[in-house]
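Dear colleague,

Please find below the structure that I am handing over to you. My findings follow it, and I would ask you to read them with the structure open.

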Amino acid sequence: MGLSANVLNILGLVFLSHASYEHSLLPSAAQAPPQSSILPSVIDPNINLPIDVVLETIVSVLLLCAGVVLSSPDLKPIQWNVWAGRLERSKDARQIKGFGQGGGNPYAALEERPGFLDIRAKRKEFAAWVKDGGQGDKVQ
Amino acid sequence: MLDERELAIHPIVQESVQHNARTVSNIRALTASLFGVAAGTLGLESLPGFIFYFTGTAIVSLLIFSLKAEQDAKSYFFRPFSDLWAGDMFGGLMSFVLTWTLFYGLCKA
């Protein structure tokens, strides 16, 4: 995507500068063209240019528009469920970087806070472990 | 339409809204100057130049809609009409006029 957008941008710039250079060389462009018979005089463009210069300008601008739009960063979804779902699935966000950070869950800091520890169960586990004489793995 | 109850059921990510608005306004600023270059090169004067600008911004809106927003403006913009289609229409007008007059003078002189 990035490479093709850059190619589009460069092509558009080359064509656009070539068109304006060609226009600046033309002496006939300064004279007023004959009035158009179809368009009303207010919106008549009054262009006295060869058709190839006009087409080159318009095509190059369209190329540049597509290139600019393609090379801009991607839009992000604004609904929370779509955004959070994408976050949970992305490999980058799933890495756990610290307590309550990463893991792909934007609510991780809320869900994993120590207040939610079941302290009675922990105490029972510890008592069982002590009764065993401290042998075996301590259950986390 | 989008009232408080609707927002409570479907919350909005503020960060993404800002990111999208910034991206769209960057695209608009860049393309407005480009349209100015083209209008000056074509030698457009008065009303046809402005018509050229508004046609161009409409095309850019369509390009954003089809290439970046995946034909679904509702999921990328809080208010699709004002944020994508009509909102920044006059934002780039000044830079358009600037480059328009510059290139008109460069080509005619």
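Two residues are said to be in contact when they have heavy atoms within 4.5 Å of each other. Please also bear in mind that this is a predicted model.

**Overview of chain B**

Chain B contains 5 helices and 0 strands, and its elements follow the order α-α-α-α-α from the N terminus. The chain has 109 residues, of which 43% count as buried. If one takes the contacts in chain B between residues at least 6 apart in sequence, 71% of them join residues at least 24 apart.

**Helix 3 with helix 5 in chain B**

Two packed helices are described by the angle between their axes and the distance between the axes. For helix 3 (residues 46-68) of chain B and helix 5 (residues 93-108) of chain B, the angle is about 130 degrees and the axes are 11 Å apart. These two helices of chain B are therefore oblique to each other, and their crossing is right-handed. On the side of helix 3 of chain B, the residues that meet helix 5 are B:S46, B:G49, B:F50, B:F52 and B:Y53. Helix 5 of chain B contributes B:L93, B:F96, B:V97 and B:W100. By type, the residues of this contact comprise 7 nonpolar, 2 polar and no charged.

**Helix 2 with helix 3 in chain B**

Helix 2 of chain B also packs against helix 3 of chain B, at an angle of about 140 degrees and with the axes 10 Å apart. That angle makes helix 2 of chain B oblique to helix 3 of chain B. The crossing of this pair in chain B is right-handed. Among the residues that make the contact are B:V24, B:I27 and B:R28 of helix 2 of chain B, together with B:F52, B:Y53 and B:G56 of helix 3 of chain B. The residues of the contact divide into 11 nonpolar, 4 polar and 1 charged.

**Where chain A meets chain B**

Which residues are buried in helix 3 (residues 80-89) of chain A? They are A:W83, A:A84 and A:G85, and the buried residues of this helix of chain A pack against helix 2 (14-42) of chain B.

B:H19 lies in helix 2 of chain B. Is B:H19 buried or exposed? Its relative accessible area is 13%, so B:H19 is buried, the cut-off being under 20%. Apart from its neighbours within four places in sequence, B:H19 is in contact with A:P73, A:D74, A:L75 and A:K76.

With kind regards

Note on methods
Residues are numbered from 1 along each chain as its sequence is written. Chains are lettered from A and ligands numbered from 1 in the order in which they are written. This is a predicted model: local features need pLDDT of at least 70, side-chain atom pairs count only at pLDDT 80 or more; totals for chains, interfaces and linings use all residues. Side-chain values use heavy atoms; hydrogens and water are left out. Axes are lines fitted to C-alpha atoms, for helices over the stretch in contact, and angles run from 0 to 180 degrees between N-to-C directions. Helices (H or I, at least four residues) and strands (E, at least two) are DSSP runs, numbered from the N terminus. Angles under 35 degrees count as roughly parallel, over 145 as roughly antiparallel, 65 to 115 as roughly perpendicular and the rest as oblique. A crossing is left-handed if the near helix is turned anticlockwise from the far one by less than a right angle, and right-handed if clockwise. Ala, Val, Leu, Ile, Met, Phe, Trp, Tyr, Cys and Pro count as nonpolar, Asp, Glu, Lys and Arg as charged, and the others, Gly among them, as polar. Buried means under 20% relative accessible area, exposed over 50%, partly exposed in between (1.4 Å probe, protein chains only).
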